[in-house]
Amino acid sequence: MPAKILVSACLMGHAVRYDGQSKPLVHPAIDRWRAEGRLVTICPEMSAGMPVPRPPAEIAAGALGKDVLAGKARVVEISGGDVTEGFIQAAENALSLARQADCRFALLIDGSPSCGSGFVYDGSFSGARHPGEGVTAALLLANGVEVYSDRQIEALVARIEELESPK
């Protein structure tokens with residue numbers, strides 16, 4: 001059975017980002033995976049009831065998603081509002097969907113305080129970023145889902161081909 005891939009809705013062209021935009025990922029593998037029925041689409045934040053558009057949010061004080069999950073860090077909006085609980089719920093919803101759909105992989109938009117897997121912003125709202133995962137990416141990784149950013153699609157293609165090629 002082909003491996004299922006949980007994918008950020010914004011990468012699939014849905015206008016669900018905090019700014020009401022999308023970030024469509026155009027790649028032949030996306031079209032092939034869609035045709036094969038492999039893609040399971042979610043916007044974790046929308047699944048937790050967050051509106052579009054919504055104020056920009058970052059993980060405070062240079063922390064990471066795993067710190068939020070451990071109760072050691074907060075996710076805050078640029079206006080100062082604490083949206084930590086919403087981001088934790090978003091991560092739990094994404095994990096639940098990944099389990100229901102038997103997703104072994106996730107392809108997530110980088111930089112997001114939820115979906116970032118290579119980097120997240122540092123909480124200063126200055127555009128500064130640092131390596132690490134957002135809340136959803138961290139929870140998926142902790143539960144055995146292989147997470148790839150939109151910039152790593154070739155690595156995901158190679159990984160799936162490696163797993164599914166006849167031995």
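Predicted model: local features only at pLDDT ≥ 70, side-chain atom pairs only at ≥ 80, totals over all residues.
We may start with open space. Rolling a probe the size of a water molecule over the atoms shows where empty space is left. In this model, the largest pocket holds about 550 Å³ of space. Its lining is made up of 31 residues, and Arg17, Tyr18, Gly111, Ser112 and Pro113 are the ones that lie nearest the centre. Two or more lining residues come from each of helix 2 (44-47), strand 3 (57-59) and strand 6 (119-121). Sorted by class, the lining comprises 20 nonpolar, three polar and eight charged residues.

Turning to the helices, helix 1 (residues 28-35) packs with helix 6 (residues 153-164) at an angle of about 45°, and the two axes are 10 Å apart. The pair is therefore oblique. On the helix 1 side, the contact is made by Ala29, Ile30, Arg32 and Trp33, which meet Ile153, Leu156, Val157, Ile160 and Glu161 of helix 6. Seven of the residues in this contact are nonpolar and two are charged, with no polar residue taking part.

Helix 5 (residues 135-142) has six buried residues out of eight, so the rest of the structure largely encloses it. Those buried residues are Val135, Thr136, Ala137, Ala138, Leu139 and Leu140. After helix 5 comes glycine 144, with a positive phi near 85°.

Another buried residue is leucine 107, whose relative accessible area is 0%. Leucine 107 belongs to strand 5 (residues 103-108). Between leucine 107 and threonine 41 there are 9.7 Å in space, C-alpha to C-alpha, although the two are 66 residues apart in sequence.

The backbone has a few details that are worth a look on the structure above. Most residues other than glycine have a negative phi, and most peptide bonds are trans. Against that background, the bond that joins valine 52 and proline 53 is cis, with omega about -5°. Proline 53 sits in the loop between helix 2 and strand 3.

Alanine 61 has a positive phi, near 60°. The loop between strand 3 and helix 3 (65-69) contains alanine 61, and this residue counts as exposed because its relative accessibility is 77%. Aspartate 102 likewise has a positive phi, near 60°. Its place is in the loop between helix 4 (84-100) and strand 5. With a relative accessibility of 53%, aspartate 102 also counts as exposed, the cut-off being over 50%.

Notes: Residues numbered from 1 in each chain as written. Heavy atoms only, no water. 1 Å grid on protein atoms, 1.4 Å probe; cavity = no way out; pocket = protein on both sides within 12 Å on 5 of 7 lines; lining within 4 Å. Points joined across faces, edges and corners; volume = space filled by probe spheres on them. Helix = DSSP H or I, 4+ residues; strand = E, 2+ residues; numbered from the N terminus. Nonpolar A, V, L, I, M, F, W, Y, C, P; charged D, E, K, R; others polar. Axes fitted to C-alpha atoms, helices over the stretch in contact; angles between N-to-C directions. Parallel < 35°, antiparallel > 145°, perpendicular 65-115°, else oblique. Contact = heavy atoms within 4.5 Å. Buried < 20%, exposed > 50% of the residue type's maximum accessible area, 1.4 Å probe, protein only.
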